[in-house]
Amino acid sequence: MKSNIGHAQAAAGIGGLIKMTQAIRHGTLPRTLHVTEPTTHVDWNDGAVTLLTEARPWPDTGRPRRAAVSSFGISGTNAHIIIEEPPAPDPRPAPESLPATPWVLSGRTPQALQDQAERLHRHLTRTPGWHASDIGLSLAATRTHFEHRAVVTAADPDALLDHLTRVKADEAAPAPAGRGRDKVVLVFPGQGSQWTGMASALLDQSPQFAASMARCERALAAHTDWNLTDVVRGAPGAPGLDRVDVVQPVLFAVMVSLAETWRTLGVTPSAVVGHSQGEIAAAHVAGALSLDDAARIVALRSRALHSITGHGGMLSVPLPQDRMDTLLKPWGGRLSVAAVNGPAATVLSGDADAIEEVRAQLVADGVRARTVPVDFASHSSHVEAVREELTSRLAGVRPRASRIPFYSTVTAQRLDTRELDEEYWYRNLRGTVRFEETTRALLEARHTVFVEVSPHPVLTIGIQDTVDAADATAVVSGTLRRDKGDLAQLFTSAGRLFTAGVHVDWAGVFAGTGAAPVELPPYVFQRERYWLDRDGVHVPTGTPRGTGAARRFAGLTGAERAELVSEVITEELALALGRGGSGSVAPTETFTELGLNSLSAMELRGRLASVTGVRLPVTVLFDHPTVEQLTKAVDELLEEAETKADTEPEAGQGGAVAAGAAARNVPVPAAEAAAPAPAASSPLMSLFRSACASGRISEGLRLLGAAAHLREEAASPAAPRPPIRFARGAGQAALVCLPSFVAPASPYQFARFASVFRGERDVYALTAAGYADGESLPESVGTLVRAQADAVRACVDGRPFVLVGYSSGGWLAQAVAEELAAGDRPERVVLLDSYLPDDPEILRIQSTLFDELATKPEVADLVDDANLTAMGRHLDLFRGWTPRRAAAPTLMVRAEELPGGEVGARSRWPLAHVEVSVPGSHVSMIDEFADTTARVVASWLRPSR
């Protein structure tokens, strides 16, 4: 009893201290508890002491408030303390705003993660004056990082709050226990990941990246006649990335600097691997080469390649290496295997005419072979001509033992880096790149994270394919992406690693910004009540919310499981499309129509594999391109994994036993099997690419226009091509969209744009005739306009409609609006970043579009001679064209970003119109920012109230 009393009295003293601290903080004198009248045994009139029978405000006299607290112990020990109000803190300057701010959240369970996001969102919406950097630092540095994680990144506070609302429980994958995720491999690719402007944003946004680039610039200056920063920023007079002796050193500098930026984020490699020239960057990052030696090697190696340009070529073939000996036999020594990137990813190299011959044979056999856009043949016998030059110039390179293990793609194993002398670098250029074998060696050494350090991922699909074929588990991620080369994309990639269990130093992001920890809501504990059954076993009273989709599959069969699979695929697809998990996706809509590209498809495949617990083939979304077809395929894999788990329980979880199911051939629908082979590359394409790469775009377009005259022309409108329907909705005018003339002139440009109008309006897209083999080209603008006017009439069938034209498609939209008779005219016209044909700004934009055509395989594969000549004809027809009259109210939607980051006055559309600006560039406004663009259009189309 004494003990209890003693503890109670000690607590009473602490309670009094807490009570008076809060009284000072809130400026309130609290009433004395349990007393309604003062005792009569004290003369309260003699002195200044008053008993507080009611709470009252604590007057502010200009002096610090003070309070005395006493505690009386049963042993006779008394404690007395006086506390004083602290001085008011000096106002802290607002922390520096980052170009992009990451917020990290985590929880023990998926539901806890969701609740953390909800509670933080509620707290911030009720708290004025907070700074995003303070919140980011507090989340990173004052919280424990649990298994289920999410990272939201944005440039402004409103966007961060919006992202918080999108954090769903099933989005977070638990980080595996143990230290497996600490074994990170940095992967450095060869040539092919470059794009114009690929490092300019990070130069401005990341001091660490900029400092590393400056060091590389000084190291390269001794071996080049150009300036690194000028090339990256596209300064006037600087050489372009079309020169091999420029692009390879620039890529080296960018990759080395990206690796340094990863290091500042706390992501350090346990091993490095490089592909072809990427081995030079890998060797430097590992510590095997000084920066001066690495710069010397990459500059002189690329200069040697420059001397053998114009005679060779390279071909990417989606076949395994064991098929190559038989395939290459007819060409003798003229062709060789340049690289083996994955189980079904091989690159050939050799004489240019032999490359074209084998490509034609493969395409005829239905193999998706793709010409690599280079005119030299590295990793072939062509390189032997420069052996003496290369080894003599690299003599004196002093390699050393590396701090970080270096895995060689020349030997396909870990290598003592003291062997990286001049002879090794000749072998690196001459021999086959054994990338798949090396990836397998890394997996056998229990490396579980592969991060491609490049401006755009080019090896991740091959790595993932190798991981799957090896029946292993690994995290595979890129760093930047084409047209997404800023800090936000880097943080997005880091967030992907973090949610998979990789350590990331998020607190270090805020160093030097002036950010300080602030008070945030505490952790949301997931409380559950348990009862004992008759056998003394704890039984939960109910199933906790947010247990995750993977757990919900257990025990389901037949229609119930298929329904859940469809639901999960639909939710994850909506997230991949940027709809926050709430968008409506019809089960028969193809993923391509919905706007999914190859990289987002790979990410979606990874998320589905994580959620369902089965391993999915790399090509699963392309083989089964609708929710309906993919549901059937995934459901079959789940069933097979469950059956195998039942018969072979020792095999473990479904994710471990599904490799055989993933590798088997699931039937492909007949419509997909009958799809035409991709268009063949041609001399015309090669010449046009060369013209674009050298900046002679006008000459290239004249070439296409001249080639178009050799095709059949039509003086009367051809039959309208059937429209593609992207959205359905009743009661409002339909949207009829006309894409840009730039090849492949795809109506799918509007896939993401159209998704905003689902349920609200019908949305169709048309394509001008002539972009397919067998179609005649229009003889004149009048022929083209009449044909499209007929197509519009057939599409809308007398209903009200709005014409939408993107880029050069805006010329056609305006001309069609002028052509249509009064009763058939559109209610309104929307022009998405259209300029007059001879405007200098559209010429700069076309340069960007043609660069995309030349460097993006997923775009180039869709382009053939018919596309190119049709583009040349359409652009040629409209040269000198100007609109005559505003046939309907017109909205011009401008991209905020000018081509190449230029500044200055914007060109004006000559007719009356309303003009608004949207985020992004000419390309990204209809892709990455398509939702924003569509919402602006939707708002303008709504009738005013």
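## A buried leucine

Leucine 637 has a relative accessibility of 2% and therefore counts as buried, the limit for that class being under 20%. The model is predicted, and in it leucine 637 belongs to helix α23, which covers residues 627–647. Between leucine 637 and valine 614 there are 7.0 Å in space, C-alpha to C-alpha, although the two are 23 residues apart in sequence.

## Packing of α8 and α10

Two packed helices are described by the angle between their axes and the distance between the axes. For helix α8 (residues 244–264) and helix α10 (residues 291–306), the angle is about 155° and the axes lie 8 Å apart. Because angles over 145 degrees count as roughly antiparallel, α8 is described as roughly antiparallel to α10, and the crossing of the two helices is right-handed.

On the α8 side, the contact is made by Val244, Asp245, Gln248, Pro249 and Phe252, while the residues of α10 that take part include Leu291, Ala294, Val298, Arg301 and His306.

## A four-stranded sheet

Four strands, in the order β10-β11-β9-β12, form an open sheet with antiparallel pairing. Strands β10 (335–342) and β12 (370–372) are its edges, each pairing on one side only, and from one strand to the next the twist averages 30°.

Strand β9 (residues 312–317) runs antiparallel to β12 and is joined to it by three bridges. Leucine 315 stands opposite threonine 371, a residue of β12.

Definitions and conventions: Residues are numbered from 1 along each chain as its sequence is written. This is a predicted model: local features need pLDDT of at least 70, side-chain atom pairs count only at pLDDT 80 or more; totals for chains, interfaces and linings use all residues. Side-chain values use heavy atoms; hydrogens and water are left out. Axes are lines fitted to C-alpha atoms, for helices over the stretch in contact, and angles run from 0 to 180 degrees between N-to-C directions. Angles under 35 degrees count as roughly parallel, over 145 as roughly antiparallel, 65 to 115 as roughly perpendicular and the rest as oblique. A crossing is left-handed if the near helix is turned anticlockwise from the far one by less than a right angle, and right-handed if clockwise. Contact means heavy atoms within 4.5 Å. Buried means under 20% relative accessible area, exposed over 50%, partly exposed in between (1.4 Å probe, protein chains only). Two strands pair if DSSP finds at least two bridges between them.
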